[in-house]
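Good morning, colleagues. I would like to take a few minutes to go through one structure with you. Please look at the display before I continue.

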Amino acid sequence: MKYNFFMKIGILATLSKPVTVFSTGGTEVFCGLLSQVLAKLGHEVYLFATPESKLDGVTVVPVAEKTRSSIRQVYMETNKSDLSAKFQ
């Protein structure tokens, strides 16, 4: 049975290293291969990664340094509040 539907898929890669066909890190390789395979299957793939990232058939949405630090800050603040709530 063959399905004829396609999805818009967003993949968030690590924000410390670019994702390319020459990536060596485990997460970067996984995100790169997954993005390319899904794009070849006809899906519309958006890879949220560093501005230096580049993959054929995949739309790279560059995440700026300021955004990266903002994400990290929100994560840390969220974890602090969760931890403080657990120990009160």
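Let me begin with the contacts in this chain, noting that the model is a predicted one. Among contacts in the protein chain with a separation of 6 or more, 50% are between residues 24 or more positions apart.

I turn next to the secondary structure. The protein chain holds 2 helices and 3 strands, and from the N terminus on these elements follow the order β-α-β-β-α.

How are the strands arranged? The 3 strands make up an open sheet, ordered S1-S2-S3, with parallel pairing. Strand S1, residues 8–12, and strand S3, residues 59–62, are at the edges; each has a single partner strand, and therefore one side of each is left without a neighbour in the sheet. From one strand to the next, the twist averages 25 degrees.

Consider now the pairing of S2 with S3. Strand S2 covers residues 44–49 and pairs with S3 in the parallel sense, over 4 bridges. Within this region, Tyr46 stands opposite Thr59 in S3.

Which helix lies across S1 and S2? That is helix H1, residues 26–40, and its direction is at about 170 degrees to S1.

Finally, I come to burial and surface. The protein chain has 88 residues, of which 27% count as buried.

Thank you for your attention.

Definitions and conventions: Residues numbered from 1 in each chain as written. Predicted model: local features only at pLDDT ≥ 70, side-chain atom pairs only at ≥ 80, totals over all residues. Heavy atoms only, no water. Pairing = 2+ DSSP bridges. Axes fitted to C-alpha atoms, helices over the stretch in contact; angles between N-to-C directions. Contact = heavy atoms within 4.5 Å. Buried < 20%, exposed > 50% of the residue type's maximum accessible area, 1.4 Å probe, protein only.
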